[in-house]
Amino acid sequence: MTERTQAPYARIAAELRGRIERGELRPGDRVPSTRAITQRWGVAMATASKALATLGQEGLVRAVPGVGTLVAARPATSLGRRPATAAEDDSAQRGRIVRAAVAIADAEGLTALTMRRLAAELGVSAMSLYRHVSTKEQLVALMADAAFGEHALPEWPPPHWRERLELSAALQWRLYRAHPWLAGAMNLNRPLLIPNGIRHIDWALAALAGLGLDDHTRMHAAVTLFGYVRGHAVDLEPESDAARTSGVSGQEWMRAQETRLAALVDGGAFPAFAEARADSALTPESLLQYGLTALLDGLALRITTPPN
């Protein structure tokens, strides 16, 4: 049957099949929805549905409730491409697993991430995940490393040590904001040995080189800075969870507590608090910046060699 005489659903299925076989649509990618197909090809919903059903019967796509229709995982040899080596395939599959895990944790928190849930999201068996990640702890470490790798430290750093440390702190805070679960996944007593996290420590150590500080001081300063930002960020996931489950943001919650707070402090039991409260507007960012300034001011007093 030529393309001209093919039924509309078959022509659509053939085009999407070709995109999958050429690697334009990779395993886990979304394929056009029925509505998108009707708009692009000018066909009825029934025709669009039949095209996707055809691809599903061939094992090329699978429907994921709440997500859409995704390209199914298939051996590389069946897609007309060079067969991947075992190492390449494992790396690709691990990357896909990590991306899906990060998406779940970002949307619902780290407690919602289980191997069973992740497997369901990927359309595979839970046991198959363990061929690429040995434990959930290893998965979380891979997720944290991927998160810290999203915003690279610049190749050419600012000239002053303080600017370098402020930039590193700002990038870390941005990552914790983007991934509220990330701070809770870190532990300075049993640190995750992840390259992209160690890179921030290495950056801080390099920023403090040549300033008359011994190695002990430099290492403690670098890790303290890392821990300081992380310590402020540990409240982000509980706040995200509370906002998601209650539908009330942190600012809305604080406004709702204003009457109760006024009753506590306006009676004169806490005079210093009442006086300072009138002129203070606390936010996570203002607290972070205030403490960071104080930390770097203290570190500056230890520097004995002026920077070049």
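Trainee: Buried means under 20% relative accessible area, exposed over 50%, and partly exposed in between (1.4 Å probe, protein chains only). So what share of the chain counts as buried?

Mentor: Of its 308 residues, 34% count as buried. Keep in mind that this is a predicted model: local features need pLDDT of at least 70, side-chain atom pairs count only at pLDDT 80 or more, and totals for chains, interfaces and linings use all residues. Numbering runs from 1 along each chain as its sequence is written, and side-chain values use heavy atoms, with hydrogens and water left out.

Trainee: Okay. How many helices and strands are there?

Mentor: The chain has 16 helices and 2 strands. Both are DSSP runs numbered from the N terminus: helices are H or I with at least four residues, strands are E with at least two.

Trainee: Which residues have the most contacts inside the largest nonpolar core?

Mentor: They are L118, L139, M143, L165, Y176 and L182, in a core of 54 residues. Such a core is a set of buried Ala, Val, Leu, Ile, Met, Phe, Trp, Tyr and Cys residues joined through side-chain atoms within 4.5 Å. Helices that each supply at least two of its residues include α4 (86-108), α7 (136-148), α8 (161-178) and α16 (284-300). A second, separate core has 15 residues, L25, V31, V43 and V61 among them.

Trainee: Back to L165. What does L165 touch?

Mentor: W203, A204, A207, L208, L225, L296 and L299, not counting residues up to four places away in sequence. Contact here means heavy atoms within 4.5 Å.

Trainee: New topic. How many cavities of 30 Å³ or more are there?

Mentor: The count comes to 1. The method uses a 1 Å grid over the protein atoms alone, and a cavity is a set of points where a 1.4 Å probe fits but cannot get out; lining residues have an atom within 4 Å of a point. Points are joined across faces, edges and corners, and the volume is the space filled by probe spheres set on them. The largest cavity holds about 30 Å³.

Trainee: Which residues line the largest cavity?

Mentor: L165 is one of them, along with A204, L208, A221, A222, L225, L295, L296 and L299. α11 and α16 each supply at least two of the lining residues. The lining divides into 9 nonpolar, no polar and no charged. Ala, Val, Leu, Ile, Met, Phe, Trp, Tyr, Cys and Pro count as nonpolar, Asp, Glu, Lys and Arg as charged, and the others, Gly among them, as polar.

Trainee: You mentioned α11. Is D215 buried or exposed?

Mentor: D215 counts as exposed because its relative accessibility is 55%. D215 sits in α11, residues 215-233. Its side chain joins that of R218 through a polar contact of 3.0 Å. That term means a pair of N or O atoms within 3.5 Å; within protein, one must be able to donate a hydrogen and the other to accept it, and residues adjacent in sequence count only if both atoms are side-chain atoms.

Trainee: And I12, buried or exposed?

Mentor: I12 is buried, because its relative accessible area is 2%. I12 lies in α1, residues 8-21. Leaving aside neighbours within four places in sequence, I12 contacts I37, W41, V43, T47 and A51.

Trainee: Last one. Where is T305 found?

Mentor: T305 is in the segment after α16. T305 and G210 are 95 residues apart along the chain, yet their C-alpha atoms are separated by 7.2 Å.

Technical notes:
On a 1 Å grid over the protein atoms alone, a cavity is a set of points where a 1.4 Å probe fits but cannot get out, and a pocket is an open set with protein on both sides within 12 Å along at least five of seven lines; lining residues have an atom within 4 Å of a point.
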